[in-house]
Amino acid sequence: MGTKHSSINLSKSIELKALVSLAHFTTIKVGGQAEWFAEPKNLSELKLIIEWAAAKRIKCQIIGAGSNLLINDNQLNGVSICMRRFHGWNINKNTGFIEAYGGEPIPTLARKAAHAGLSGLEWAIGIPGTVGGAAVMNAGAQGGCTSERLISVRVLPIGGEEPYEISQKELEFDYRYSRLQEEKLIVLSARFRLEPGHDQEELTYLTNKNLHHRTSTQPYHLPNCGSVFRNPEPQKAGFLIEKLGLKGHRMGDAEISKIHANFIVNKGNASAKDIQKLIKLIQHQVQNAHGLTLHQEVKTLGFLKND
Ligand SMILES: Cc1cc2nc3c(=O)[nH]c(=O)nc-3n(C[C@H](O)[C@H](O)[C@H](O)COP(=O)(O)OP(=O)(O)OC[C@H]3O[C@@H](n4cnc5c(N)ncnc54)[C@H](O)[C@@H]3O)c2cc1C
């Protein structure tokens, strides 16, 4: 690998940093060092990074708010591009149209929509991700999900061509799934249509109520990466894991949450290996006891197929 520089300036405003700990960029506070790391603020900075990587023939991977992401402990090769600074939004309170950049936090957008009297994002307040991550994951909660209000996304292919638009229909949304999970595309922005003309106080009350419900039923007080498994519908992954008496089970500092069994929390210095071992243990026990395969919801970076 041999990364010799500590940083490279691609322009006056965008810097590629070498050997940055990715633990700071995931909500579970786990992850090794990125060989190269950058936080672009706009399309021209993003393009410079992609062109640099293409010229060096190294890969790029995208991080949003890192709230559904498990990054391995080893060095992650290539350029890790964090989209958190790629933020901004535009709300039209008369028509209900919203356009938000890929790095805009979804909870902030939910609050702004409520303030503008726009209904449709009240469920999103407790999801600590970005607009891009929500589109990729089709994030949802309390009966609502991203695909219901999304009109289209604007993407940049990691191959480096020009941005283009993909419509809601073409994204093939399903439960915690979109076509974006299969393709090397960066979500630059998303357009939503909400319902205008609602009572602002009522929406804010509902939004706060949803947040209170989430923080009292899920382990928000400890680092975690959201739901580890998709629900094998109509069953709930958390219920199946809890029935096996696994709440509180630990591997190093990684623990199956005592509050909600579909969450793994970091009690201090958990490693990705600890978390991966807990994931395998849960899958094995649920398979043996219930004959059901639990599929991971959380996305991974830096693992080999057989890890
Ligand atoms: C406490 C807690 C509660 C949660 N509750 C819920 C919940 O109720 N419902 C739910 O659905 N999820 C929940 N999550 C999971 C998570 O917040 C969502 O999946 C969220 O949408 C992920 O967004 P992110 O920006 O953090 O994406 P990341 O975790 O950073 O990335 C997820 C995937 O999206 C890709 N990605 C991210 N941004 C982009 C982009 N701009 N362009 C292309 N690819 C991108 C990444 O490469 C990765 O494959 C929770 C997480 C936590 C920590």
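Domain bounds here come from an automatic or database domain assignment.

Figure 1. The protein chain divides into domain 1 (7–82), domain 2 (89–217) and domain 3 (237–298). What you are looking at is a predicted model, where local features need pLDDT of at least 70 and side-chain atom pairs count only at pLDDT 80 or more, while totals for chains, interfaces and linings use all residues. Residues are numbered from 1 along each chain as its sequence is written. Seven helices and 17 strands make up the element list of the protein chain; these are DSSP runs numbered from the N terminus, with helices being H or I of at least four residues and strands being E of at least two. For its 307 residues the globule rule gives 19 Å, and the radius of gyration is close to that at 20 Å, so the protein chain is as compact as a globular protein of that length.

Figure 2. Of the 307 residues in the protein chain, 44% are buried. Buried means that 20 or more other C-beta atoms lie within 10 Å of a residue's own, exposed means 12 or fewer, and partly exposed is in between, with C-beta atoms placed from the backbone. Now take the contacts in the protein chain between residues at least 6 apart in sequence: 63% of them join residues at least 24 apart. Two residues are in contact if their C-beta atoms, placed from the backbone, lie within 7 Å.

**Figure 3. Around the ligand.** There are 32 residues surrounding the ligand, and the closest are G64, G129, G132, G133 and G226. (A residue is near a molecule or strand if its C-beta atom, placed from the backbone, lies within 6 Å of it.) Two or more shell residues come from each of β4 (60–63), α3 (131–137), β9 (140–141) and β13 (185–193). Helix α3 gives the largest share, five residues. Sorted by class, the shell around the ligand holds 16 nonpolar, 15 polar and one charged residues; Ala, Val, Leu, Ile, Met, Phe, Trp, Tyr, Cys and Pro count as nonpolar, Asp, Glu, Lys and Arg as charged, and the others, Gly among them, as polar. Both domain 1 and domain 2 give residues to this shell, so the ligand lies between them.

**Figure 4. Where domain 1 touches domain 2.** The centres of domain 1 and domain 2, taken over C-alpha atoms, are 24 Å apart. Domain 1 puts 13 residues into the contact, and domain 2 puts in 12 residues. On the domain 1 side, α1 (43–56) and β4 each supply at least two residues. Helix α1 gives the most to that side, with six residues. By class, the side of domain 1 that touches domain 2 has seven nonpolar, four polar and two charged residues.

Figure 5. Strand β1 (residues 7–9) runs antiparallel to β2 (residues 15–21), and three bridges join them. Pairing takes at least two DSSP bridges between the strands. The two are linked by a hairpin of five residues, and S7 has K17 in β2 as its bridge partner. Strand β2 also pairs with β3 (residues 33–38), again in the antiparallel sense, over four bridges. There, V20 stands opposite A34 in β3.

**Figure 6. Strand β11 and its partners.** Strand β11 (residues 150–157) pairs with β13 in the antiparallel sense over seven bridges, and R154 stands opposite S189 in β13. Strand β11 pairs with β12 as well, antiparallel and over four bridges. In that pairing, look for S152 opposite S167 in β12.

Figure 7. E233 and P234 are joined by a cis peptide bond with omega about 10 degrees, and P234 sits in the loop between α5 (200–217) and α6 (237–243). Q142 is not a glycine, yet its phi is positive, at about 45 degrees. It lies in the loop between β9 and β10 (144–145), and Q142 counts as partly exposed because it has 15 C-beta neighbours inside 10 Å. R176, another residue other than glycine, has a positive phi near 50 degrees. Its loop is the one between β12 (164–167) and β13, and with 19 C-beta neighbours inside 10 Å, R176 counts as partly exposed.

Note on methods: The radius of gyration is taken over C-alpha atoms; the globule rule is 2.2 Å times the number of residues to the power 0.38.
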